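Colleague: I am new to this structure and would like to know what stands behind the terms used for it. Please go through them with me.

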Amino acid sequence: MERVALLRTSGRRLLHRCRRPRPVVHAAASSAPRRPSSSSSFSSRNYAGLPGGARLLTTAAPLHCAGRYWPAAAPRLVRRLSAPAVSTSPSPVPHDTDDVHEYAALLGFEKVSEQSIDECKSTAVLYKHKKTGAEVMSVSNDDENKVFGIVFRTPPKNSTGIPHILEHSVLCGSRKYPLKEPFVELLKGSLHTFLNAFTYPDRTCYPVASTNAKDFYNLVDVYLDAVFFPRCVEDFQTFQQEGWHYELDNPEEEISYKGVVFNEMKGVYSQPDNIMGRVSQQALFPENTYGVDSGGDPNEIPKLTFEEFKEFHSNYYHPSNARIWFYGDDNPKERLRILSEYLDQFEASPAPNESKVWPQRLFKEPVRIVEKYPAGQEGDLKKKYMVCINWLLSEEPLDVETELTLGFLDHLLLGTPASPLRRILLESGLGDAIVGGGVEDELLQPQFSIGLKGVSEDNIQKVEELVMQTLKNLSEEGFAPEAVEASMNTIEFALRENNTGSFPRGLSLMLRSIGKWIYDMDPFEPLKYERPLQHLKARIAAEGSKAVFSPLLEKFILNNAHRATVEMQPDPEKASRDEAAEKEILKQVKSSMTPEDLAELARATKELKDKQETPDPPEALKAVPCLSLQDIPKEPIHVPIEVGEINGVKVLQHDLFTNDVVYSEIVFDMSPLKKDHLQLLPLFCQSLLEMGTKDMDFVQLNQLIGRKTGGISVYPFTSSIKGKEDPLTHIIVRGKSMATRVEDLFNLIYCILQDVQFTEQQRFKQFVCQSKARMENRLRGSGHGIAASRMDAKLNAAGWIGEQMGGISYLEYLRDLETKIDQDWDKISSALEEMRQSLFRKDGCLVNITSDWKNLEKSNKHIAKFLDSLPSTTSVGSDPWLYRLPSVNEAIVVPTQVNYVGKAGNLYQSGYQLNGSAYVISKHISTTWLWDRVRVSGGAYGGFCDFDTHSGVFSYLSYRDPNLLKTLEVYDETAKFLRELEMDDDALTKAIIGTIGDVDSYQLPDAKGYSSLMRYLLGITEEERQQRREEILSTSLKDFKEFADVVETIKDNGVVVAVASPEDVEAANKENPLFSDIKKCL
């Protein structure tokens, strides 16, 4: 699966990269991250709830979001504290608790504790299974998005990746579900709102979620059988497939390594930020389990034996070592009944003692680590150093109030662009972007990390000195009262809003509880933040913030000797050396084999591939539970919308319960923008939010936004419109506030749009450096997104616009702009002002508001005042941006150990007329053909297809792929696969139900209102949504066969873009001169 969402990172590095601490790796069974849009141009393809013409993301797993559990506006502390239920009523769902406890006792469970969690309007009961000691948390409320999770403590002793490989493997068939991958069948045919698995440095989690009770219990049963009775412990070929094996197709050829986890981790170890995180974690924890990589080091993974693999499962995957979580509005009795059927089959085990995580002892003096990372030849290598200072804060777990106060301190230091430590580091000019994520507390012991990348060799020491001096100054001087107030409001707002995006709230709650529970501490404590929060506020009011925060800075950081400074040095030869070393090892392996050995290896390779490519028999597939079409609503989910006008401007209103939060989007027409200014647009948007006005500097403005609202963002939106050549282009301003602060919200939006002054040259230069660093990191970690963006730009105008603002073209623009800022600043500043004048006008504006009707009515007068303040002169539109990149095959060369391979074509240009069956077919291609051939057999971490029904672009993409030409051959054989496809009624029903699950993806109120806005902008009517749904539900095998001719056009006329290593591109062109354009980017 994938390291919870998009990036696999080991240990703390994932924690520090992910704002809200989250699992350190891999969602093991997922095929790949969802295809992202460009980093700056938000495309409609990313928004759920757009059935009937929306982009269907046919990934094989429901990954949260671009890897993010929490919206960008949510502060890091809140992501740790906030995981309350989604209750919309004043009390949890009523159950006869005495009756439940009596039933629990009959099933062999004893009640340990029962508590009311007011923060999330839930009743939580902790049970213990008397026979095995398994602990169960049963949380009841009125959230329809039900969540189950089972977590095992799994501390590794080495970096062979056993926990990660096992996490993948247990989902590859079990005693009750004896097929190759029940997980994939659930992806195909369930209504899950979450289905994945996570590997942390010391534990492994298996969560599922669904709003349909029948579907939910099906998912629970498959997962329980998978973890307790997996076939992988008896099936060496599953270990080979998911972990590693030698591959040899012909005794005359060279031997290679293959394995899904092996290639996933090669991708991880190609990314400098990931290497920095791994080295930092291991430097802080040299003596305990965090000193090794639970995800697996590619150099160590081939040392893992099948016997060790089996023993690890036997030792740790036992009820005695399990923490089990249920959450939602389902029947608590049914939860326990299902569990007892599994737990009663086991006796007690010593696993809890064997899996205990021991603390790292604190250092007596700091340490320094120097490591090299693979760098490209482009640019000045002397300015590509990285440095991060890391502290282990305590040898013992912290009490809840200290932990809470540290979280606030972390937000004050780093939580916003105006936070002093973050701001001072970036303004120093010593580096391009921040590394390290501040306080991280999801492991046994908390840490703090901060540093810079894009540093000159001569400035390494200066960065360290600046960090220490800034922290010392803050300890002595304290924080501004406005900063403390802004942090407090931001955190309290996010706690009340409880917006976890597409990530189930119950799962967010589970992960927070597990952070203590897994170490045998109180699982209730992390859920009850209200009392310590109020106590902290009272302390700050009584003693002052300096008295509260300065002692923590001194104790845990300034006077703490357990400090590890990690310096990363660019090495342009490292990637080729690593590749050569791997080839030498494999050469020695082959030379040690006899001809008979080689023949046997070739036979075993073929046997494994045959097994991987042979479908499960129908009788095995029938074992996996599935809903019927009768369980599926015949109509799409309706979002209430009222279209009206205020002062001549169209206003969309959505009457939904939002807990007194008002969500607003203000949409401006982007068409008046000059083409010459297009690539400046992402930086323009950032400048609006991070520069000052004539009355306030940007720090004061940022603090005012934090004190008065829940956050404001500005970004470009682009999309094709089905049936039209001209693209849809807008600037969207999003904001949210409590209902009592709506006037403040619109006043601040006006201030941002009209009063911000584009005069801060050095800050603008920082924005350019930060954006360049982000793009370079994307090239290595999200190469599939870069390839997708590039192909889109070759095939449609909206794709070209998006690529100009978030692809290779944008990176090239940033590099050029960086060299011109000093001499051309007046010209750039004037261009930014001209962009403001052309974009933010009343004509062409549209407002979207989501809240309950009472708050909508009260908001109207503030909207009217805001609209009246906008310039009303009619702007002159520019010519339509009907541009495309040359339609040639292209290789983007970067220093990487794995590839990202794409091929795409425009189906509408070949005459295809959209039918809802395309959603079903493209999802099925991803979860069968591409899953089996690109991932399972090919060894890539993922392979999937994506049909943008607005533009007609159909794309194939692979992720962390050891192959290049072989993957393209798989893409080209898709039409043949469809023509030869045989599906019985059960398989077809699963495909349809799984597609409906995607179309009806679970959304919180703000997302519902936003999706409705997207449909309005794209011209998607309720009638069309209903038509597409009916076409989905009536999909037949004939539709699959007919679609073969449609995708056949891509084989002959499609465009190829691969993000790959120079060696693989050279080898591919020798075999087949495919790439006429080779672009070296790093």
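**Terms and the values behind them**

Modeller: Twelve cavities of 30 Å³ or more are found in the structure. This is a predicted model, in which local features need pLDDT of at least 70 and side-chain atom pairs count only at pLDDT 80 or more, while totals for chains, interfaces and linings use all residues. Residues are numbered from 1 along each chain as its sequence is written, and side-chain values use heavy atoms, with hydrogens and water left out.

Colleague: What makes a set of points a cavity, and what makes it a pocket?

Modeller: On a 1 Å grid over the protein atoms alone, a cavity is a set of points where a 1.4 Å probe fits but cannot get out. A pocket is an open set with protein on both sides within 12 Å along at least five of seven lines, and lining residues have an atom within 4 Å of a point. Grid points are joined across faces, edges and corners, and the volume is the space filled by probe spheres set on the points.

Colleague: What is the volume of the second largest cavity, and which residues lie nearest its centre?

Modeller: Its volume is about 130 Å³. Of the 13 residues that line the second largest cavity, Lys 180, Asp 235, Thr 238, Gln 241 and Lys 611 lie nearest the centre. At least two lining residues come from each of α7 (236–242), α21 (595–613) and α31 (917–937). Helices here are DSSP runs (H or I, at least four residues), as are strands (E, at least two), numbered from the N terminus.

Colleague: How does that lining divide by class?

Modeller: The lining of the second largest cavity has three nonpolar, four polar and six charged residues. Ala, Val, Leu, Ile, Met, Phe, Trp, Tyr, Cys and Pro count as nonpolar, Asp, Glu, Lys and Arg as charged, and the others, Gly among them, as polar.

Colleague: What lines the second largest pocket?

Modeller: That pocket has a volume of about 1,400 Å³ and is lined by 47 residues, with Glu 579, Lys 583, Pro 962, Asp 1064 and Ala 1067 nearest its centre. The elements giving two or more residues to this lining include α20 (574–591) and α38 (1062–1071). The largest share comes from α20, with eight residues. By class, the lining of the second largest pocket holds 18 nonpolar, ten polar and 19 charged residues.

Colleague: Why is Trp 929 called buried?

Modeller: Buried means under 20% relative accessible area, exposed over 50%, and partly exposed in between (1.4 Å probe, protein chains only). Trp 929 has a relative accessible area of 8%, so Trp 929 is buried. Trp 929 is found in helix α31. The C-alpha atoms of Trp 929 and Glu 613 are separated by 8.8 Å, although the two are 316 residues apart along the chain.

Colleague: Why is the pair of Trp 244 and Tyr 246 called edge-to-face?

Modeller: Rings of Phe, Tyr and Trp (its six-membered ring) pair if their centres lie within 6.5 Å; planes under 30 degrees apart count as stacked, over 60 as edge-to-face and the rest as tilted. The structure holds 44 aromatic pairs. In the pair of Trp 244 and Tyr 246, the distance is 5.1 Å centre to centre and the angle between the planes is 85 degrees, which is edge-to-face. At 11% relative accessible area Trp 244 is buried, whereas Tyr 246, at 24%, is partly exposed.

Colleague: What makes the pair of Phe 764 and Trp 825 tilted?

Modeller: Their ring centres are 5.4 Å apart and their planes stand at 50 degrees, so the pair is tilted. Phe 764 is in helix α26 (residues 761–781) and Trp 825 in helix α29 (residues 808–839), so the pair ties together parts 61 residues apart in sequence. Phe 764 and Trp 825 are both buried.

Colleague: How do you know that strand β18 is largely enclosed?

Modeller: Nine of the nine residues of β18 (residues 447–455) are buried, so the strand is largely enclosed by the rest of the structure. Two strands pair if DSSP finds at least two bridges between them. Strand β16 (residues 385–392) pairs with β18 in the antiparallel sense over eight bridges, and Ile 389 stands opposite Ile 450 in β18. Strand β17 (residues 433–440) and β18 also pair in the antiparallel sense, over six bridges.
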